[in-house]
Amino acid sequence: MELDSGVFGLGESAENVKLTGENRDEMYRFMKDFFDEHLNEEIEDTLLSLQGFTNHVAARYGMEAAILDALAKMDGMEISDELSLSLPTRRLENDTTVSVLDSKQTILETKRILKKGYHHIKYKVVAGKDEVERIIQLENLIPDDVAIRIDPNQSWTYQETLDAIKEFDKSTLQIEFIEQPVIDVRCDEKN
């Protein structure tokens, strides 16, 4: 939203029909109608009017965030200051993904990623013992402070996943997790 003073307030509303019952068109209509109706109102009064609604949860969230952001910017602050939030200082580290490649390309890509300073690397893998070996070959290349994530995208069976875990445990690689193995939910009488 933009105020008469030229200050922009930013907010975001996520469409999730299953959760909120609101689709993008309904959210847009509600936002437009509401702001049109409260166009020349003081921003604080607009916020109070908006808080009187119990429906349009997703749309309201984005609108309230935009209003609070604008209020904060008018005072030369961040929205967290406007809300009197003391935010802990923390660092969010992202991973990067290495696709299914041959051994040589995997090494080259890993070296490139390490030079960029990543401390979390996700490796896409397919079925087969060769994939575990392709990752284990990186053992001497990857420092101890770099965490590895393995993503078979359901190409590993339950047993293949267990076998892979045993092999990874023999290495010095810091495996954080294995994402999306196939879990066989069928049980026989003995299990």
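The structure is a predicted one, in which local features need pLDDT of at least 70, side-chain atom pairs count only at pLDDT 80 or more, and totals for chains, interfaces and linings use all residues. Residues are numbered from 1 along each chain as its sequence is written, and side-chain values use heavy atoms, with hydrogens and water left out.

Strand E2 (residues 120-124) and strand E3 (residues 147-151) run parallel and are joined by 5 bridges. Here strands (E, at least two residues) and helices (H or I, at least four) are DSSP runs numbered from the N terminus, and two strands pair if DSSP finds at least two bridges between them. E2 also pairs with E1, again in the parallel sense, over 3 bridges. On that side, valine 98 stands opposite tyrosine 123 in E2. Of the 5 residues of E2, 4 are buried, so this strand is largely enclosed by the rest of the structure. Buried means under 20% relative accessible area, exposed means over 50%, and partly exposed lies in between (1.4 Å probe, protein chains only).

These pairings belong to an open sheet of 4 strands with parallel pairing, in the order E1-E2-E3-E4. Its edges are E1 (96-98) and E4 (174-178), each of which pairs on one side only. Neighbouring strands of the sheet are turned by 30 degrees against each other on average, direction ignored; the axes behind this value are lines fitted to C-alpha atoms (for helices, over the stretch in contact), with angles from 0 to 180 degrees between N-to-C directions.

Most residues other than glycine have a negative phi. Asparagine 153, in the loop between E3 and helix H8 (158-170), has instead a positive phi near 45 degrees. With 40% relative accessibility, asparagine 153 counts as partly exposed. Glutamine 154 lies in the loop between E3 and H8 as well, and its phi is also positive, at about 65 degrees, although it is not a glycine.

Among the helices, H4 (residues 57-74) has 18 residues, which at 1.5 Å a residue should span 26 Å; the end C-alpha atoms are 26 Å apart, in agreement. The expected span is 1.5 Å times one less than the number of residues. Because 14 of its 18 residues are buried, H4 is largely enclosed by the rest of the structure. Glycine 76 follows H4 and has a positive phi, near 70 degrees.

Two further residues give a sense of distance. Leucine 50, found in helix H3 (residues 43-51), counts as buried at 0% relative accessibility. Its C-alpha atom is separated by 42 Å from that of glutamine 180, 130 residues apart along the chain. Arginine 90, in the loop between helix H5 (79-82) and E1, is exposed, with a relative accessible area of 74%. Arginine 90 and valine 126 are 36 residues apart in sequence and 35 Å apart in space, C-alpha to C-alpha.

Finally, the largest pocket holds about 380 Å³ of space. Of the 14 residues that line this pocket, Glu2, Leu3, Asp4, Leu39 and Glu41 are the closest to its centre. A pocket is an open set of points, on a 1 Å grid over the protein atoms alone, where a 1.4 Å probe fits, with protein on both sides within 12 Å along at least five of seven lines; lining residues have an atom within 4 Å of a point. The volume is the space filled by probe spheres set on the points, which are joined across faces, edges and corners.
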